[in-house]
Structure formats: C-alpha cells, structure tokens
Amino acid sequence: MPIIEVNNLTKDYKLNVRKKGLLGSIQSLLIPEYEMKRAVDKISFSIEKGDMVGFIGPNGAGKSTTVKMLTGILIPTDGEINILGMSPSKQRKKIASNIGVVFGQRTQLWWDLPVSDTFDLLKSIYRIPDKEFKSNMDLFNELLGLNEFISQPVRQLSLGQRMRADIAASLVHDPDVILFDEPTIGLDVIAKEKIREFIKVVNKEKNTTMLFTTHDMMDIEKTCKRMIIIDHGTIIYDGTVEQIKDRYGKKRTIVAQFAQNTDDIILPKGVEIIEEADNKKQMQFNRDEVQVSDVISYLTSNYNILDLTIKEPEIESIIREIYEGGINYDKTISGDSQEIVSEQLGISR
Ligand SMILES: Nc1ncnc2c1ncn2[C@@H]1O[C@H](COP(=O)(O)OP(=O)(O)OP(=O)(O)O)[C@@H](O)[C@H]1O
C-alpha cells in the first residue's frame, strides 16, 4: 500500500495582469485583470513505504509547487493527495508530525537562537520522548557533526552547517515521510556528499519514505533508484534511473592516449572525435551502431596506445538532452506520459 498517493494533482496560480504605462497602472488598480497560470497539470504518482524518489525537472517545471502541495502549504486547484491516509491541506496539523520538510532555500531554524535551542523547541512541539530525542541527536551528531556548531546562533552558521542542522531538525521527530526541496543547493562537493550519505543511512535505518527535488543529478544517482521528471507541470518520466540510462544513454566515449602524433588518424565509420589535446583524443559513437570492442580492437591494432578508458554516459548529460528536447522518446518506457512529452517538446517520433 503506497504511503504517498497523488492523483490528477493540479495547481493554477492567479496572476495579476499589469498594463503598461501610467494610465494602464491606474486601470489595473481600479479594474484588476487576472490570468491563470497552470504550474502543475494533472500529475499522478504513488510512492511505497521506504522508497527514495528523485523529483527533477528544469526551472519552473512545477517541483516546488508540488512539494508545497504535498506539505499542505498550498491548496491544490484540483486532484487529490493522500499521505498516510490523510489530506495534507485538510489535515495539516495532524499530518505535521508525520512529515518532515527541508527547503534548501529557506531555514526552519530559529535565526537568533543557538542551534541546540531549535532542537529543544522541536522536542517540546512534537513531544519527543527523552530517549528517542537523545538517540536521534547522537545519530545526527555522528553523521552530520552537529556538535561542532550546536551552541552557535543559526545566523552565524555557514551554508553547509545550516543545511546539516536543517536536515537534522526535519527528522528529529522521526517522520514517516520526508520531503526535500533542493537540500544540497549551493553546497560544495564534500558537504553534498555528507548529506547524501546521511540521507541514505536514515532511509535504510528508519525506512523513511523520501521524495527530493534537486538540480544536481549526482544527488539522484547516488541516492535514488527511481526518479520522476516533471516539465511544464506534467510528468514526462517515471521510472528507474538505470532504465533511463540504459535506454537513452546510447553515446559511448573512448578516451585514448596515443604514443605518436595522430593528426591524420582514420577512425571507423560512426566514430567521431569530440575533443583532442596533444596526443589524447576523446572519441564518441552510438553504441547501437558501433561496438565498443570493435573500436578498441581497431585502435589497438592500428596505433600504439599508452592509455585507454571507456566513459559511461552520465545521467547529467542524458537529462540535459531530455530538457532540451533532443531525445527521441520511447513510449514503452513510461506509458502515456511520453505522448505528452512529444507534444510539449515538439519531438517527432
Ligand atoms: N506564487 C506564485 N504565483 C504565480 N506563479 C508562480 C508562483 N510560484 C510559482 N509560480 C510559477 O509556477 C511555475 C512552477 O514554479 P515552481 O516554483 O513550482 O517550479 P520549480 O520546478 O520548483 O522551479 P525551480 O527549479 O526554478 O525552483 C513557474 O512558472 C513559476 O513561475
């Protein structure tokens, strides 16, 4: 039985249309005109207990709007959300103890108070028993190093420290579901890694159901098996990370360091050079047209090669292609939603 169920969820924002010029401004004040903007358009998905799902999409795709509706902050225009049998917008107070939320762009910590005070306040608000509170704080300290800055006021923390505290604060009451909205935004590689590891440990140890939005594909690759891609308010992919890599990651890259000058190199049909410096060349081809083994045996039998590596396609570049509408969608991969994708992005199939 799914923990999160979303059916035909829709959100329209009402926008005030401002007319140009002084006269237009006065007119807009006296007789305001509105237009509706659809941010989320009939999306449906469900998430099982303990699953960790990446929710990605380009800027303005509708991710934050969806997360806000899941938390109950925003009321849907249409459709239903069911989290643990409750409607977030109708049972907001009741559901609060079951959901944790992290907005990377905003903090839920008390700005002027030491970090420890926020945790004490949360302990009282959620009525967390002493034993549970202590064991969680010990775990968070071990994994996120909270004690390094626990007595500092929040406003003095670095972004990475603040995010670590925020994530811990969202989990201190052991929620069943946690929604992350860009939890790694603006962090350096090491801080991101720490947070990904933490998320993975919590998911495993506490079986917390997690949905998180991010623009960093490494977040998804390192933590989630499943991802949902949203664009222009509709879901264009819902499936495994592996499947999308397998189906769409058709480009293979071989990097070869040649012992000699290879300015006049002749490559097999379908293989092209995408980068070269000194005697090092990056060659790319479509794995459906050219076999990796054929390219390697051609190169090694015709040239003297010092070093050779094969690069797997990165999810980052596949997603970039999807956002740019450059991928020919295969309808079998994600059912009817692919129809929408093709229409929206003007892709011919
Ligand atoms: N309060 C609002 N009033 C009007 N339009 C809004 C409001 N909030 C968001 N939108 C619009 O709704 C659409 C979806 O926005 P949303 O913030 O959900 O996208 P997002 O996928 O989270 O984007 P990003 O990755 O840039 O954060 C955008 O076109 C945005 O301009």
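Leaving aside its neighbours within four places in sequence, which residues is S87 in contact with?

1. **The starting question.** S87 is in contact with I81 and R92, once neighbours within four places in sequence are left aside. Contact here means heavy atoms within 4.5 Å. S87 belongs to the loop between β4 (78–83) and α3 (92–96). Its relative accessibility is 16%, so S87 counts as buried. The word buried means under 20% relative accessible area, while exposed means over 50% and partly exposed lies in between (1.4 Å probe, protein chains only).

2. **What you are looking at.** This is a predicted model, in which local features need pLDDT of at least 70 and side-chain atom pairs count only at pLDDT 80 or more, whereas totals for chains, interfaces and linings use all residues. Residues are numbered from 1 along each chain as its sequence is written, and side-chain values use heavy atoms, with hydrogens and water left out.

3. **The chain as a whole.** The secondary structure comes to 13 helices and 13 strands. Helices (H or I, at least four residues) and strands (E, at least two) are DSSP runs, numbered from the N terminus. Of the 349 residues in the chain, 46% are buried. The C-alpha trace spans about 70 × 55 × 50 Å along its principal axes. Among contacts between residues at least 6 apart in sequence, 68% join residues at least 24 apart.

4. **Two domains.** The domain assignment gives domain 1 (2–9 + 39–245) and domain 2 (250–313). Such bounds come from an automatic or database domain assignment. The C-alpha centres of domain 1 and domain 2 are 43 Å apart.

5. **The sheet of 6 strands.** Follow the order β5-β6-β7-β3-β8-β9 and you will trace an open sheet with mixed pairing. Two strands pair if DSSP finds at least two bridges between them. At the edges are β5 (99–103) and β9 (234–240), each pairing on one side only. From one strand to the next, the twist averages 15°. Inside this order, β6 (residues 177–181) and β7 (residues 209–213) pair in the parallel sense over 5 bridges. F180 has F212 in β7 as its bridge partner.

6. **Helix α2 across the strands.** Helix α2 lies across β3 (52–56), β5, β6, β7 and β8 (226–231), and runs at about 150° to β6. Axes are lines fitted to C-alpha atoms, for helices over the stretch in contact, and angles run from 0 to 180 degrees between N-to-C directions. This helix (residues 63–71) is mostly covered, with 7 of its 9 residues buried. Among them are V67, M69 and L70. Just after α2, G72 takes a positive phi of about 95°.

7. **Helix α7 and R196.** Helix α7 lies across β3, β6 and β7, running at about 155° to β7. R196 is found in this helix (residues 189–206). With a relative accessible area of 6%, R196 is buried. Not counting residues up to four places away in sequence, R196 touches D216, M218, D219, K222 and T223. The C-alpha atoms of R196 and P183 are separated by 9.3 Å, and these residues are 13 apart along the chain.

8. **The sheet of 4 strands.** A second open sheet to look for has the order β11-β12-β10-β13, with antiparallel pairing. β11 (272–277) and β13 (305–311) stand at the edges with a single partner strand each, so one side of each has no neighbour in the sheet. Here the twist averages 20° from one strand to the next. β10 (residues 251–258) is joined to β13 by 6 bridges and to β12 by 7 bridges. T253 stands opposite Q284 in β12, and Q257 stands opposite D307 in β13.

9. **A hairpin.** β11 and β12 form a hairpin with 2 residues between them, and D278 in the turn has a positive phi of about 50°. These strands are joined by 5 bridges. E276 stands opposite K281 in β12. Strand β12 (residues 280–286) is mostly covered, as 5 of its 7 residues are buried.
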